[in-house]
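I opened a new notebook page for this one. Below is what I looked up, entry by entry.

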Amino acid sequence: MKKEEKAVIIDSLCEQIKAKPHMYVTDITGMNAAATSNLRRACFKNGVKLIMVKNTLLEKALEKTGVDYSELMPTLKGTTAIMLSEVNKTPATVIKEFRKRSEMPKLKGAYVEESFYLGDESLDTLVQIKSKSELIGEIVTLLQSPLQNVLGALESAPNTVAGLVKTLSERPEQA
C-alpha cells in the first residue's frame, strides 16, 4: 500500500472516530467469514459501525484525533476491529448477545463516557452503564412521583371534605 493510500485511510478512520463518542476495540481472531458477516449484521441492526483495521493505521488515526488514547495503545495487537457508536453501551450489548452463540469477539478495550475500560472482564461493567436516554427517563420518573402523590391528594380532597360534612350532618345533635 502506498503512503498516499495509507494517509487517506488514516484520515478516514480519524474522521469516523471523531464522529462517534464511544469506541470499542475488539479481537476477532479465529472468526470465519460467516461469523464476521453475522457480527456485521448485528452491529448494523443496532446502529454500531464495525471497522476492520490494521493496528498501525488505527494507532496513527487515534494520535491524529487530538484525544489521548494512550491507555488503549497496548491493546492494539493481533486482529483488531473497532466498534463505534453514539450510545455508550450498545457495542457491549451486541458483543454480549453475539457471544451467546460464539466465543468471539473478545473485548480488548473501550473508550466510553471519556473513560477507558481494558480487558474482556470489563464487558459486564460496560453492559450495565446506563445510556443518556435511560438516565433522563429515570430522572423524569423520580420527578413525577412526588407530583403524582400531590395530585392524587388534591383530587381526593373534595370527596374527603364532602364525606366529612355528610357524616357530621347525619350525627345526632348532642345537648
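In what order do the elements of the protein chain run from the N terminus on? I read off α-β-α-β-α-β-α-β-β-α-α. Helices here are DSSP runs of H or I with at least four residues, strands are runs of E with at least two, and the numbering starts at the N terminus.

Ground rules, before I forget: this is a predicted model, where local features need pLDDT of at least 70 and side-chain atom pairs count only at pLDDT 80 or more, while totals for chains, interfaces and linings use all residues. Residues are numbered from 1 along each chain as its sequence is written, and side-chain values use heavy atoms, with hydrogens and water left out.

**Whole chain.** I checked burial: 34% of the 175 residues are buried (under 20% relative accessible area; exposed is over 50%, partly exposed is in between, with a 1.4 Å probe and protein chains only). Then I looked at contacts, meaning heavy atoms within 4.5 Å. Of those with a separation of 6 or more, 77% are between residues 24 or more positions apart.

**α1 and α3.** How do these two helices sit relative to each other, and at what angle do their axes cross? The axes of α1 (residues 3-19) and α3 (residues 55-64) come within 8 Å and cross at roughly 55 degrees. Axes are lines fitted to C-alpha atoms, for helices over the stretch in contact, and angles run from 0 to 180 degrees between N-to-C directions. I wrote down that α1 and α3 are therefore oblique to each other (under 35 degrees is roughly parallel, over 145 roughly antiparallel, 65 to 115 roughly perpendicular, and the rest oblique). On the α1 side I found residues including Ile 9, Leu 13 and Ile 17, and on the α3 side residues including Leu 58, Ala 61 and Leu 62. The residues of this contact divide into nine nonpolar, no polar and five charged. For that sorting, Ala, Val, Leu, Ile, Met, Phe, Trp, Tyr, Cys and Pro are nonpolar, Asp, Glu, Lys and Arg are charged, and the others, Gly among them, are polar.

**Met 1.** This residue is in the segment before α1. Leaving aside neighbours within four places in sequence, Met 1 is in contact with Lys 6 and Ile 9.

**Asn 88.** I found Asn 88 in the loop between β3 (80-85) and α4 (90-98). Is it buried or exposed? Asn 88 is buried, because its relative accessible area is 3%. Its side chain makes a polar contact with the side chain of Glu 113 at 3.0 Å (a pair of N or O atoms within 3.5 Å; within protein, one must be able to donate a hydrogen and the other to accept it, and residues adjacent in sequence count only if both atoms are side-chain atoms). Asn 88 also touches other residues, among them His 22, Tyr 24 and Ile 129.

Most residues other than glycine have a negative phi, and most peptide bonds are trans. Glu 113 has a positive phi, near 50 degrees, and Glu 114 has one near 60 degrees. Glu 113 is in the loop between β4 and β5 (115-118), and Glu 114 lies in that loop between β4 and β5 too. Glu 113 counts as partly exposed at 45%, whereas Glu 114 counts as exposed at 69%. I also noted a cis peptide bond from Met 104 to Pro 105.
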